[in-house]
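Work through the exercises below with the sequence and the model side by side, and try each task before you read its solution.

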Amino acid sequence: MSQTSAPNSTPYPDAGKPMTSARVRDLMPDQLPNIVMPECEVRPVLKGQKAIITGASSGIGRAIAIGMCAAGADVMINFVGDDAPALAAVEEATHCGCSNRGRAIAHCADVSDESQVTEMFRAAREEFGTVDILINNAGLQQDAAIEDMTLAQWNKVIGVNLTGQFLCAREAIREFKRRGVRREISCAAGKIICISSVHEVIPWAGHINYAASKGGVMLMMKSIAQEVAPYRIRVNSIGPGAIRTPINRAAWEAPEAYRDLLKLIPYKRIGEPEDIARAAVWLASDEADYITGTTLFIDGGMTLYPGFEAGG
Ligand code: BGC
């Protein structure tokens with residue numbers, strides 16, 4: 001994994017001086033400690049498991065697919081539209097260099113379409129025999145001020161981000177219940193991870209369709225988790241903050257935009273898709289067996305109300 005260092009030599013320029021929170025906020029990135037990215041061992045914690053990852057041809061979904069394949073799972077990389085990025089993700093997953101890696105295949109389906117979702121699960125069962133893990137990741141933004149937002153924009157975002165997660169979760173649970181627990185594969189009959197957002201709790205002006213979809217995902221996830229826990233099915237969410245993906249390019253590509261973004265991130269770096277992938281692999285594994293109905297925020301502290309760091 002790559003190692004990124006900010007170009008400064010004194011990691012703590014103000015060491016020894018009292019650090020009020022107001023002063024920390026005003027420090028520029030080059031006055032803060034170097035950014036060191038984690039280098040983590042890949043372990044085959046998903047060996048023998050079968051996963052569907054929706055929206056996996058780019059961004060967070062792609063990283064999760066590659067991470068799960070490296071951890072031993074066979075993965076179905078779901079996508080819509082052009083198949084080239086999905087096939088490239090399949091290539092990367094299957095050449096990740098991990099000796100325990102699983103297989104990867106691509107499958108085109110619009111998650112907001114009931115029959116396409118049913119067909120995707122049928123294809124996964126045919127190819128892999130069953131499904132152990134669903135990563136409900138497919139999502140999009142169509143931003144507009146409330147007075148300008150069209151019904152089409154509202155319906156599109158709710159359709160993919162919320163209804164799509166429902167349709168996939170329903171199919172996954174049918175399959176998990178049909179098959180039950182296979183002790184040699186996992187303690188649980190199945191695992192669902194909904195990729196939500198910090199905006200399941202942080203209101204977001206100008207993005208009401210997106211925030212409403214993620215708020216909906218939160219209570220949908222918890223309600224499903226409550227309903228299926230006795231069947232030993234675990235359902236959780238990951239709530240990413242700002243992660244370097246195409247969906248929010250405008251927020252990190254230009255240096256001024258990136259500086260503004262860092263004001264919202266106490267940890268003072270943007271998240272990378274691999275930050276999410278490592279957590280998703282762990283959350284889907286038996287190492288996280290007693291965790292259900294919870295959202296794991298992976299956001300560098302974005303949900304810590306950074307606006308309050310200088311007092312209320
Ligand atoms: C959105 C990104 C945004 C991030 C933090 C995510 O859910 O998709 O566009 O940068 O939340 O605001």
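**Exercise 1: the ligand shell**

Task: Find which residues are around the ligand, and sort them by class.

Solution: Residues are numbered from 1 along each chain as its sequence is written. The model is predicted, and local features need pLDDT of at least 70, side-chain atom pairs count only at pLDDT 80 or more, while totals for chains, interfaces and linings use all residues. For the sorting, Ala, Val, Leu, Ile, Met, Phe, Trp, Tyr, Cys and Pro count as nonpolar, Asp, Glu, Lys and Arg as charged, and the others, Gly among them, as polar. The shell then has four nonpolar, five polar and no charged residues.

**Exercise 2: a non-glycine residue with positive phi**

Task: State where Arg232 is found, and decide whether Arg232 is buried, partly exposed or exposed.

Solution: Arg232 is not a glycine, yet has a positive phi of about 60 degrees. Arg232 is found in the loop between helix H6 (208-228) and strand S6 (233-240), where helices (H or I, at least four residues) and strands (E, at least two) are DSSP runs, numbered from the N terminus. A residue is buried if 20 or more other C-beta atoms lie within 10 Å of its own, exposed if 12 or fewer, and partly exposed in between, with C-beta atoms placed from the backbone. Arg232 counts as partly exposed because it has 17 C-beta neighbours inside 10 Å.
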